[in-house]
Structures are given as C-alpha cells and as structure tokens.
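Here's a quick briefing to read alongside the model. Have the sequence open next to the 3D view as you go.

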Amino acid sequence: MEHAAAPVPSVGPERLFDSQRLPSDGLLLLSLLLYAPVGLFLLLLRLFLGLHVFLVSCALPDSAPRRFVVRVMCSLLGLVVRQSRPAGRQQQQPGPRSLRAQVYIANHVTRFDHNVLNLLTSCNAPLLNGASGFICWSRGFLEVGGTESRAELLQSLKGYSSQEGNPPLLLFPEETTTNGRVGLLRFSSWPFSILDTVHPVALQVQRPFVTVSVADASWVTELLWTFFVPFTIYQVRWLPSVCRAADETREEFALRVQELLASELGVAPTRLTAADKAEHLKRLRHRPAASHSPPAHSPPPAARSPDSSGVAPAEDMHVAGMAQRVREVLPHVPLAVICKDLAQTKCVDTTIANILEGRVPFVPHEVETEPFVPVPSVSSAQHPPASPPSLVRKARSGDKGWL
C-alpha cells in the first residue's frame, strides 16, 4: 500500500521545545510573582498530600474504584483530568474500558502522561531508559527486559501482549516530550511492530503562569512545578482503533497514525526526531558561551557595490553568522549550500533539519581542505585597510563569518 505523504510543514525544533519556564510577558510575570506565596504554600501542602496519594495507590488493587479514588485525590494535587470522544467522530461504545486494542499510542507532552492515562484506564507504560528498580516502580512504569537492544525489547513487549489478562501497553512513539502546541515528532516504527491494531490517544495539557514542560528539566523539577501552579489540566481524547493494512509497511502505518493524531490535535506532523531534540539542547547549552563572542561586523565599504543600500551588507553578515553556527554542527557541508538555504529559511535550526533530512542536496568535502579567511576585527571594520578584491569577495559571501 503506497501512502501519499502530505507536504510536511517546515517546523524548527525551537518551536517544539520550550527552553524557558517563566513567561516573557511582563504582566504575566508580575501575576506569577504575586501568586508565588500561595504557590509555595500549595507546594508544601501537596508534597504532604502526594505521599498519601502514593500510599493509597500502592495499597489498593488495580480496579475502577481505585482509579476513581486516586483521580479524586490527584485533583487536590492540581491534576485535573478530563476525557472525551474526538471532535466530529462517533463511537458506539465510548470510553476506554470498551476498547479491544492492546496497544495505546499517545503523543508525549509531560513526564506524567502515563500516570494520567492510568487514572482513566488500566494500562502499563514500559520504561525504555532511566533508573530501574524502585524508582521505575514508584513512577508507575512497567520494567521489561531487553532495553539494551531494540530486538530484545520488541520480543519482551510482544510476549507481554500475548499473555491474557495483562493490561494494554501504553507507548509514546515520539520517544520524548514536546510542548504539545506546534507539532508532533516523527513516530518511531517499532511500537507498531508489536500488534497490527493500535488505539490512538490525543493528549493536550494546559496550565497557567508557566510552561507545561521544559525540554531539559528532570521529572523531579516538573513534579515540583506541578505542585506549585494552581492546576494542570489534562484533556484526553480516545480515537477509534486503527488497523494496519495488509500491504502497508510499519513505517507507513506509523506515519498514518502520526498524521491522524496531528489532525486531531490541530498541530503539524513533523519529521524531527528525539535525536533532533538532543542536538537542539546541545546547541542551547553552548549558546550562552557564543553570546559573549564578538558580534558580526559589516564588510569594509570597499566591498560594497555602489548601488547597494546599507541594509543588504548587514543582512549578508547576519546570514554569514548563522551559516557559521550551522557549520559548527555540520562541518562537512559546503558553506555556499548552507547560505543558500539560510537565505530562504532565515533559521539555523530549520536549515540544519533540512540538511539532515536530505531536502538540501550537496556534495560533502573534507573540512581540513577549506582555507581559512580571516574576518576584520572591530577596529579594522571601523577603519578598514585596503583589501585585495578576492579577500573582500570572500568576506562578503560569508565564507568565514563569525558571530
């Protein structure tokens, strides 16, 4: 079965992941400061209540009454969970308890998505990475063997699903969290290799004052902020089961479910992956050091054409500066190819994604063979010496622009 993929919107990773917790709006930040004493009181109170919720959830057996009691207690912790049918769809038997699919596929927004869905229906989310043992059990994960190898992991999950009486599996094909507002990461195909029928679950999360999740925050930090804010609303929509066609590959099946969830959530199905998030966080950690480097300067007046305005050289050097940042990540890509794509995208992360996904054709070259062309310093930019025409042309083209 050939799946006609829809045009994928160009969404950079900076739009999928929030790096700042506090709001940038001045009025909202002032409201947060005024709320802070109340938030600290709620944090201390909910830490005490959270211990009781944990003990109750451990003491009671998995059943509908237990889920109801724990859900009510979680509302005191600020976790408000709502569920509904998808908009514009009709189900003869609404609700998760009537579902026959043994694999739930959900988008990933927070570190506690599996706990929230477990308040609505019995399901187990396997721990793919992180601490095992007591930490894994206390956070509500299912500890399975073979996490070191993808083949062994699939074998373990298939064996789990084949046993009657086991709760359904809850899997997050994005393999990491996003802000849930702009797009979905590309779904991995391995969760769709367990069974040929899956049940998509659309998840949306909202909270006041601060962002729902920060890209590089730990689950402990996220828990403390959840207790600090007045409430966090989880909206869960159960979509009908989706079956894989006989001539449909796992990758095509994953893409179809991704587009289905993206349409239900009103976001874009991107081709970015968890590896792109890791690379994005790596660049964010190095960005503060790069912010102290000398700013990009305009080329000497002799390099400017007589009929050019003062804005064009500044834009050229801005593109050159962005091109240098791309070269730090992808040193084997020719600079002319990078500058050409940056002239269209105006975004470093989008250009990197275009190159990694093969949308920008190029012929790689050895990094050591490229000559180094110096850029004038601050003093030389203000009082430029006479430069050979070849050097001026290289400076204008952004051959070695620096931020």
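**Arginine 139 and the overall picture**

Arginine 139 lies in the loop between helix 5 (134-138) and strand 4 (141-142); helices (H or I, at least four residues) and strands (E, at least two) are DSSP runs, numbered from the N terminus. This is a predicted model, where local features need pLDDT of at least 70 and side-chain atom pairs count only at pLDDT 80 or more, while totals for chains, interfaces and linings use all residues. Residues are numbered from 1 along each chain as its sequence is written, and side-chain values use heavy atoms, with hydrogens and water left out.

**More on arginine 139**

- At 16% relative accessibility, arginine 139 counts as buried (buried means under 20% relative accessible area, exposed over 50%, partly exposed in between, with a 1.4 Å probe and protein chains only).
- Setting aside neighbours within four places in sequence, arginine 139 is in contact with Arg111, His114, Asn115 and Trp219 (contact means heavy atoms within 4.5 Å).
- Phenylalanine 54 sits 85 residues away from arginine 139 in sequence, but the two are 9.5 Å apart in space, C-alpha to C-alpha.

**The chain as a whole**

- The protein chain has 14 helices and 10 strands.
- Of its 403 residues, 44% are buried.
- Among contacts with a separation of 6 or more, 76% are between residues 24 or more positions apart.

- In the model, residues 32-56 are 100% helix and 0% strand, with the end C-alpha atoms 32 Å apart.
- Helix 2 (residues 26-59) and helix 3 (residues 64-76) have axes that come within 10 Å and cross at roughly 175 degrees (axes are lines fitted to C-alpha atoms, for helices over the stretch in contact, and angles run from 0 to 180 degrees between N-to-C directions).
- Helix 2 and helix 3 are therefore roughly antiparallel to each other (angles under 35 degrees count as roughly parallel, over 145 as roughly antiparallel, 65 to 115 as roughly perpendicular and the rest as oblique).
- Helix 2 brings Arg46, Leu49, His52, Val53, Val56 and Ser57 to this contact, and helix 3 brings Arg66, Val69, Val70, Met73, Cys74 and Leu76.
- Helix 2 also packs against helix 7 (residues 219-228), at an angle of about 110 degrees and with the axes 7 Å apart, so helix 2 and helix 7 are roughly perpendicular to each other.

**Nonpolar cores**

- The largest nonpolar core has 30 residues, and Leu117, Leu170, Val201, Tyr234, Val236 and Trp238 touch the most other members (a nonpolar core is a set of buried Ala, Val, Leu, Ile, Met, Phe, Trp, Tyr and Cys residues joined through side-chain atoms within 4.5 Å).
- Elements that each supply at least two residues of this core include helix 2, helix 3, strand 1 (79-84) and strand 8 (232-238).
- Beyond its neighbours within four places in sequence, leucine 170 is in contact with residues including Tyr104, His114, Leu117 and Pro126.
- A second, separate core of 26 residues includes Ile105, Phe187, Leu239 and Val267.

**Helix 12**

- Helix 12 (residues 348-356) has 8 of its 9 residues buried, so it is largely enclosed by the rest of the structure.
- Among the buried residues of helix 12 are Val348, Asp349, Ile352 and Asn354.
- Just after helix 12, glycine 358 has a positive phi of about 85 degrees.
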